[in-house]
Amino acid sequence: MLQLQNRKSSKGPLWLVEPKYTMGTNPDCDIVLSASEAASSGVFADLLINIDQVSIVNLGVTGIAVNGKAVTKQAVLKAGDSLEVGAVNFELIDPKKAKLRRQAEQGQKKPDPTKWSLKAMNTALAEKQFPINGSAVLGRSKDCDISLGVVHLSRHHARLTVESNGLKVEDMGSSNGTFVNGKKIQSSVLLTGDELSFDTLRFRVIGPEVDDDRTNVRPAHDAEMTTVRQALKVDKPAQSASAVKKAKPKHTSKSTSDVESAKSATHHEYADVKAIDPKAGGFSKIILIVIVLAIAAGAAWFLTK
C-alpha cells in the first residue's frame, strides 16, 4: 500500500486505500487544492489505485506532470516518483522502502566515540550523571575530576580513559577495589550498559549510541550466578488428566449412582470401624446380655435358698 505526501505540507501522508481519488479545487474532491495552488479550477485529475500501482488521469487541464514530464492523458507512477499538480509537488511513497532508507541513513551516522558518562545507581546520588571528557580520575579527594565524599572510596580510587574500543577503567591501588559487572578488576574496557562499582557505590556506563546489529552482549562473569539463574528457570510439569479430574470441584447436585456409591462407601467405612473397635458395634446387645445373666444368677440364688 502506497502513500501520497504533499512535500510542502506538515500533515502526514495520505494512505491510498481507495480505488479512486479525485483532485481539484472543488470542496467535494478527495484531494483539495486551493485556487492559488492550482493552474485550473474544478475537478481536473483522477488517481486510480490498483494495490501498489497508481495512475493519474488528466481530465483535460494543464499543469500536471510526473517527474517533470507533462501528462496530457494518463501516466503510471511508481514509488519515489514526483507528481506536480499546479504549484503543489507530491511524492509517491512506499512505506516499507522509506523505512529501510531511514534505517540505512541512521546506520551511516557514526556515533561520537567521546560521549561517555557514568550514571549513578544509588539513591543518594539521585541518578546523577558524570560525563567523562577524555580522561577522569574518580575518588574522594577534592582534586579528582569526579570527587565524591564517600567513605568507601579511596582518595584517588580509579582512572577512566576514553579509548577507541570503549571506556577504560584502571584501579589506582584502592582499598575496597573496583568491580565491573560484579567482578573485581585491576583494569578493564567498559561497554555501554556495564555496571561499574566501587564497594557499595554503583554506576551504569553510558556510551555513544551504536547500531543494534553491532551491539555485543557481555558474557556473565560470575558462573555461579549463571547456574542460579538456570536453576530458577524450572518449567512447571503439566498436570495429568487424572490430576485435572481430581481438581474438579464437587457439584452440589448428585446423580442417583453418585448417591448409591456414597452410601456404599459409608457402609464399608462403618464396617471397618466395627472391625477395628468392638465397642463401636453391638454395645446395646452386650448390656442386654449382662442384664439377662444377672437376672439368671439372681433366680438361681433364690431357688437354692
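Author: Phe198 is buried, at 0% relative accessibility; here buried stands for under 20% relative accessible area, exposed for over 50%, and partly exposed for what lies in between, with a 1.4 Å probe and protein chains only. Phe203 is likewise buried, its relative accessible area being 0%. The model is a predicted one, in which local features need pLDDT of at least 70 and side-chain atom pairs count only at pLDDT 80 or more, while totals for chains, interfaces and linings use all residues. Residues are numbered from 1 along each chain as its sequence is written, and side-chain values use heavy atoms, with hydrogens and water left out.

The structure holds two aromatic pairs; rings of Phe, Tyr and Trp (its six-membered ring) pair if their centres lie within 6.5 Å, and planes under 30 degrees apart count as stacked, over 60 as edge-to-face and the rest as tilted. Phe130 and Phe203 form an edge-to-face pair, with 6.0 Å from centre to centre and 75 degrees between the planes. Phe130 belongs to strand β13 (residues 129–132) and Phe203 to strand β22 (residues 201–206), so this pair ties together parts that are 73 residues apart in sequence. Strands (E, at least two residues) and helices (H or I, at least four) are DSSP runs, numbered from the N terminus. Phe130 and Phe203 are both buried. Phe198 and Phe203 form an edge-to-face pair as well, at 6.1 Å centre to centre and 65 degrees between the planes.

The nonpolar cores give the wider setting. A nonpolar core is a set of buried Ala, Val, Leu, Ile, Met, Phe, Trp, Tyr and Cys residues joined through side-chain atoms within 4.5 Å. The largest has 25 residues, of which Met23, Phe44, Leu47, Ile56 and Leu83 touch the most other members. At least two residues of this core come from each of β3 (20–24), β5 (43–50), β6 (53–58), β7 (64–66), β9 (74–77), β10 (82–85) and β11 (88–93). The strand that gives the most is β5, with four residues. Apart from this core lies another, of 24 residues, and Phe203 is among them, as are Trp116, Leu196 and Val205.

Not counting residues up to four places away in sequence, Phe44 touches Met23, Gly24, Thr25, Leu33, Ala38, Val57, Asn58, Leu59, Val61, Ile64 and Val85, contact being heavy atoms within 4.5 Å.

Strands also pair into a sheet. Six of them form an open sheet in the order β2-β1-β11-β10-β7-β8, with antiparallel pairing; two strands pair if DSSP finds at least two bridges between them. β2 (14–15) and β8 (69–70) stand at the edges with a single partner strand each, so one side of each is left without a neighbour in the sheet. Strand β1 (residues 3–6) runs antiparallel to β2 and is joined to β2 by two bridges, and Leu4 stands opposite Leu14 in β2.

The structure holds five salt bridges, a salt bridge being a side-chain nitrogen of Lys or Arg within 4 Å of a carboxyl oxygen of Asp or Glu. One of them joins Arg202 and Glu195, at 3.3 Å from N to O; Arg202 is partly exposed, at 31% relative accessibility. Another joins Lys78 and Asp81, whose closest N and O atoms are 3.5 Å apart. Lys78 is exposed, with a relative accessible area of 55%, whereas Asp81 is buried, with 6%. Glu170 and Lys168 also form a salt bridge, their closest N and O atoms being 3.9 Å apart. Glu170 is partly exposed at 28% relative accessibility, and Lys168 is partly exposed at 23%.

Ser141 lies between β14 (135–139) and β15 (146–147) and is buried, with a relative accessible area of 6%. Leaving aside neighbours within four places in sequence, Ser141 is in contact with Ser147, Arg155 and His156.

For the protein as a whole, the secondary structure comes to five helices and 22 strands. Buried residues make up 28% of the 305 residues.
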